[in-house]
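Hi,

Here is the structure I said I would pass on. Have a look at it first, and then read my notes below.

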Amino acid sequence: MVIEKALMEELARKSIQAEKDRSPISPITETIPDLTMEQAYQIQKIREELMIAEGHRLIGGKMGLTSVAKMKQMGATESPYGKLFDYMLLGPDENLVFDELIHPRVEGEIAFLMKKDLYGPFVTAADVLDATYLVLPAYEIIDSRYFGFRFKTTDSVADNISAARFKLGKDGVAPGKLHLEELGVATRFSDGSELFATGGAVLGHPARAVAMYVNLISKFHDGLLKDQIILSGAITAATPVGKGWSVRSQFQGIGEISLSVD
Ligand code: OOG
Ligand code: MG
């Protein structure tokens, strides 16, 4: 189905409004079942432009569904991208405020801080490592604007793939010294539950996810820029959290990160 620009803008505004009001909406595919990935990215792009027009600053990007654990959890096989804005970044000692979100889930991720601009569509994992200043432990807090976190990947793409908040560890390491595919990430929640995986869970090597991001955004002639941050996707499944929860992770050879929920 052809979707007029005006309808795309309306759909982008609904997702933004749902985020602001903490009030979930129905997936687009309930009314437009054949929504294509291309159309979904066009809606996401309009959403991005509206956010920037409101005064938010674009500070990086994120890949999603890059590990088998996440793909299984969401029942999807395609890895989509989204964008990160300044208001999403939690300070090093800042807590997550549950009441600002709808149904937050926490994900452990490897973040990359860039020292050079990268433009696709022919960027490789080696190019990414060469353009990376630091690799850091990160948590992403996703918060789908759709009821019950239920959607198709196209719906999620139009909703900036659930991006809501993220936090970086205090220490980072230059990538040259690391074997990111072998690095273990151990996470422990305050209820005693634990998750473990290695960096290789993300497409065999997390730099591949970053390369994929750069190559995908080149369709809009966008690049991954110096000083931007990119999250390479959840290493393990996302965990729903509530008020009073806390979580701590060790990223072997990089550092640790923790988060509490108020
Ligand atoms: C889509 C976002 C997935 C990740 O790291 O896999 C994501 C979703 O599951 O809501 O951020
Ligand atoms: Mg994520």
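Let's start with Lys152, which sits in the loop between strand 5 (132–142) and helix 5 (153–158). The model is a predicted one, by the way. Lys152 has a relative accessible area of 45%, so it is partly exposed. Setting aside neighbours within four places in sequence, Lys152 touches Thr29 and Pro33.

Next, helix 1. The buried residues here are Met8, Leu11, Ala12, Ser15, Ile16, Ala18 and Glu19. They cover an arc of only 160° around the axis, which means they are on the same side of helix 1. That pattern makes sense in general, because an α-helix has 3.6 residues a turn and residues three or four places apart point the same way.

Now for the metal. The magnesium ion (ligand 2) is coordinated by Glu107, Glu109 and Glu140, each through OE, at 2.0 to 2.1 Å. Along the chain, these donors follow the spacing E-x1-E-x30-E. Glu109 belongs to strand 4 (residues 105–114) and Glu140 to strand 5, so this pair ties together parts that are 31 residues apart in sequence. Are these two buried or exposed? Glu109 counts as buried, at 0% relative accessibility, and Glu140 is buried as well, with a relative accessible area of 1%.

Then there is strand 1 (residues 58–63). Five of its six residues are buried, so strand 1 is largely enclosed by the rest of the structure. Strand 1 runs antiparallel to strand 2 (residues 81–85), and five bridges join them; Leu58 stands opposite Phe85 there. Strand 1 is also joined to strand 9 (229–231) by three bridges, this time in parallel, and Gly61 has Ile230 as its bridge partner in strand 9.

You will find it in the loop between helix 6 (206–217) and strand 9, and it is buried, with a relative accessible area of 8%. Beyond its neighbours within four places in sequence, Gln228 is in contact with several residues, including Leu58, Ile59, Gly60 and Phe112.

Most residues other than glycine have a negative phi, and most peptide bonds are trans. Which peptide bond is cis? The one joining Gly120 and Pro121, with omega at about 15°; Pro121 is in the loop between strand 4 and helix 4 (125–130). Leu65, which is not a glycine, has a positive phi of about 50°. Leu65 lies in the loop between strand 1 and helix 3 (68–74) and is buried, with a relative accessible area of 11%. His221 also has a positive phi, near 60°. His221 is in the loop between helix 6 and strand 9, and at 70% relative accessibility it counts as exposed.

Cheers

Key: Residues numbered from 1 in each chain as written. Chains lettered and ligands numbered in written order. Predicted model: local features only at pLDDT ≥ 70, side-chain atom pairs only at ≥ 80, totals over all residues. Heavy atoms only, no water. Helix = DSSP H or I, 4+ residues; strand = E, 2+ residues; numbered from the N terminus. Buried < 20%, exposed > 50% of the residue type's maximum accessible area, 1.4 Å probe, protein only. Contact = heavy atoms within 4.5 Å. Arc of directions from axis to C-beta. Donors = N, O, S within 2.8 Å, 3.2 Å for Na, K, Ca; no water. Pairing = 2+ DSSP bridges.
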